[in-house]
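I opened my notebook today to get to know a new chain. Come along while I look things up one by one.

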Amino acid sequence: MFKWSPAFAFTASIAPKIPTGPGVFYLLAAEAERSAVYIGAAKNLREEFYYELEQQRTVMRPKAHFFRFAETLQPSEGATKLIDMHKRKFGQRPALNSGF
């Protein structure tokens, strides 16, 4: 369905590796898919990465330690499907997608 990047450590130093096009992404507590704290969609993956990185610094929420992405021209649809697949596979949505 998607061609996924490796799970990168969630630090500003990886920003040059993230494309500026649309896509979907995982914020992960650990490298495994099961540890997803958020699944999102972005019109610009790099801008969203910077936004999420800042949110991790300033907001009390489950902490992500890894960032994984896939480029797609339909990010919103892709994220919705990934959230549904995650719920079927693990019995619940990621913590920060609970209202999605």
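Here are my entries, from the overall fold down to single residues.

**Entry 1: ground rules**

I note that this is a predicted model, where local features need pLDDT of at least 70 and side-chain atom pairs count only at pLDDT 80 or more, while totals for chains, interfaces and linings use all residues. Residues are numbered from 1 along each chain as its sequence is written, and side-chain values use heavy atoms, with hydrogens and water left out.

**Entry 2: the overall picture**

I began with the elements and found two helices and four strands in the chain. Helices (H or I, at least four residues) and strands (E, at least two) are DSSP runs, numbered from the N terminus. Reading along the sequence, I wrote down the pattern β-β-β-α-β-α.

Next I looked up the extent: the C-alpha trace spans about 35 × 30 × 20 Å along its principal axes. For 100 residues a compact globule would have a radius of gyration near 13 Å, and the 12 Å of this chain agrees with that. The radius is taken over C-alpha atoms, and the globule rule is 2.2 Å times the number of residues to the power 0.38.

I also checked cover: buried residues make up 44% of the 100 residues. Buried means under 20% relative accessible area, exposed over 50%, and partly exposed in between (1.4 Å probe, protein chains only).

Then came contacts, meaning heavy atoms within 4.5 Å. Of the contacts with a separation of 6 or more, 70% are between residues 24 or more positions apart.

**Entry 3: the sheet**

In what order do the strands of the open sheet lie? I read the order as S1-S4-S2-S3, with antiparallel pairing. Strand S1 (8-9) and S3 stand at the edges with a single partner strand each, so one side of each has no neighbour in the sheet. Two strands pair if DSSP finds at least two bridges between them.

- S1 and S4 run antiparallel and are joined by two bridges; here Phe 8 stands opposite Phe 67 in S4.
- S2 and S4 are antiparallel too, over six bridges, and Phe 25 has Phe 69 in S4 as its bridge partner.
- Strand S2 (residues 23-28) pairs with S3 in the antiparallel sense, over six bridges. In S3, Tyr 38 is the bridge partner of Leu 27, and Ala 41 is that of Val 24.

A reminder to myself: strands of a sheet pair through backbone hydrogen bonds, either parallel or antiparallel.

**Entry 4: the helices**

I found helix H1 (residues 45-58) lying across S2, S3 and strand S4 (66-71), at about 25 degrees to S2. Helix H2 (residues 75-90) packs on the sheet and touches S2 and S3, its direction making about 160 degrees with that of S3. Axes are lines fitted to C-alpha atoms, for helices over the stretch in contact, and angles run from 0 to 180 degrees between N-to-C directions.

**Entry 5: the aromatic rings**

How many aromatic pairs does the structure hold? I noted ten. Rings of Phe, Tyr and Trp (its six-membered ring) pair if their centres lie within 6.5 Å; planes under 30 degrees apart count as stacked, over 60 as edge-to-face and the rest as tilted.

The rings of Phe 8 and Phe 69 have centres 6.3 Å apart and planes at 15 degrees, so I listed the pair as stacked. Phe 8 sits in strand S1 and Phe 69 in strand S4, 61 residues apart. Both Phe 8 and Phe 69 are buried.

The rings of Phe 10 and Phe 67 are stacked as well, because their centres are 5.9 Å apart and their planes at 5 degrees. Phe 10 lies in the loop between S1 and S2 and Phe 67 in strand S4, so this pair ties together parts 57 residues apart in sequence. Phe 10 counts as buried at 8% relative accessibility, and Phe 67 is buried at 0%.

Ring pairs also link a cluster, with Phe 25, Tyr 38, Phe 49 and Tyr 50 among its members.

Where does Ile 18 lie? I placed Ile 18 in the loop between S1 and S2. Ile 18 is buried, with a relative accessible area of 1%. Not counting residues up to four places away in sequence, Ile 18 touches Leu 45, Arg 46, Phe 49, Phe 67 and Phe 69.
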